[in-house]
Amino acid sequence: MSLTNEQILNALSEMSVQNISQLITEIEKKFNVSSVISLDTMNSTPVKKIEEKTEFNVKLNEIGSNKVSVIKIIRSVTGLGLKESKDLVESAPTLIKEKITKQEAEQLVKDIVNVGAKAEIQ
């Protein structure tokens, strides 16, 4: 059963402020969103604040034909030994670096792609 926006608004208009607040909290949890709103001081218009992601993961999807170069890159960014780096590369697709800055993630993906492998930022 699909509800129209008007039906939803009518149902909300019959709820108490406390019940609406609880509903908003449940929606935030279910959809992993935030309802943080501030008022623009110039015209009192609600402005939605968007939280920027600050930590990124890099996933190695495919090693390509130049496995040795990929292993060298993995060794340099993870600090792993040769065997551990080789095992990590051969287990692709796999996460190779977690909770790094956007700039670090972009550079790592660029380095990996430049040697013929495939990687992505998550």
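This report describes the fold, the nonpolar core and selected residues of a predicted protein model.

**Basis of the description**

Residues are counted from 1 along each chain as its sequence is written. The model is predicted, so that local features need pLDDT of at least 70 and side-chain atom pairs count only at pLDDT 80 or more, while totals for chains, interfaces and linings use all residues; side-chain values use heavy atoms, without hydrogens and water.

**Overall fold**

The protein has five helices and five strands, where helices (H or I, at least four residues) and strands (E, at least two) are DSSP runs numbered from the N terminus. Their order from the N terminus is α-α-β-β-β-α-α-β-α-β. Of the 122 residues, 16% count as buried; buried means under 20% relative accessible area, exposed over 50%, and partly exposed in between (1.4 Å probe, protein chains only). The accessible surface comes to about 9400 Å², and 53% of that surface belongs to carbon and sulfur atoms. These areas come from the Shrake-Rupley method with a 1.4 Å probe, and for residues only the protein chains shown count as cover. Among contacts (heavy atoms within 4.5 Å) with a separation of 6 or more, 56% join residues 24 or more positions apart.

The UniProt record, an unreviewed entry, places the feature "domain: Large ribosomal subunit protein bL12 oligomerization" at residues 4–34. UniProt positions are given in the numbering used here, feature names are shortened, and annotations may be inferred rather than shown by experiment. In the model, residues 4–34 are 77% helix and 0% strand, with the end C-alpha atoms 23 Å apart.

Val70, Ile71, Ile73 and Ile74 of helix 3 are buried. They cover an arc of only 160° around the axis, which puts them on the same side of the helix; the arc is that of the directions from the helix axis to the C-beta atoms. Strand 3 (56–62), helix 4, strand 4 and helix 5 (102–114) are included in what covers these buried residues.

The face turned away from the buried side carries the exposed residues Val68, Lys72 and Ser76. Val68 and Val89 are 21 residues apart in sequence, and their C-alpha atoms are 9.5 Å apart in space. Just after helix 3, Gly79 takes a positive phi of about 80°.

In soluble globular proteins, nonpolar side chains tend to be buried together. The largest nonpolar core here has 17 residues, and those with the most contacts inside it are Val58, Leu60, Ile96 and Ile112. Strand 3, helix 3, helix 4, strand 4 and helix 5 each supply at least two residues of this core. A nonpolar core is a set of buried Ala, Val, Leu, Ile, Met, Phe, Trp, Tyr and Cys residues joined through side-chain atoms within 4.5 Å. Leaving out residues up to four places away in sequence, Ile112 touches Leu60, Ile73, Ile96, Ala117, Lys118 and Ala119.

**Selected residues**

| Residue | Relative accessible area | Class |
|---|---|---|
| Phe56 | 11% | buried |
| Val68 | 53% | exposed |
| Ser85 | 0% | buried |
| Thr94 | 17% | buried |
| Lys99 | 63% | exposed |

In the following contact lists, neighbours within four places in sequence are left aside. Phe56 lies in strand 3 and is in contact with residues including Lys97, Glu98, Lys99, Ile100, Ala105 and Ile121. Phe56 and Glu98 are 42 residues apart in sequence, yet 6.3 Å apart in space, C-alpha to C-alpha. Ser85 belongs to helix 4 and touches Ile71, Ile74, Arg75, Thr78 and Leu80. Thr94 is found in strand 4 (residues 94–100) and is in contact with Val58, Lys59, Leu60 and Leu88.

**Backbone geometry around strand 4**

Most residues other than glycine have a negative phi, and most peptide bonds are trans. The peptide bond from Ala92 to Pro93 is cis, with omega near 5°. Pro93 lies in the loop between helix 4 (82–90) and strand 4. Lys99, placed in strand 4, has a positive phi of about 55° although it is not a glycine.
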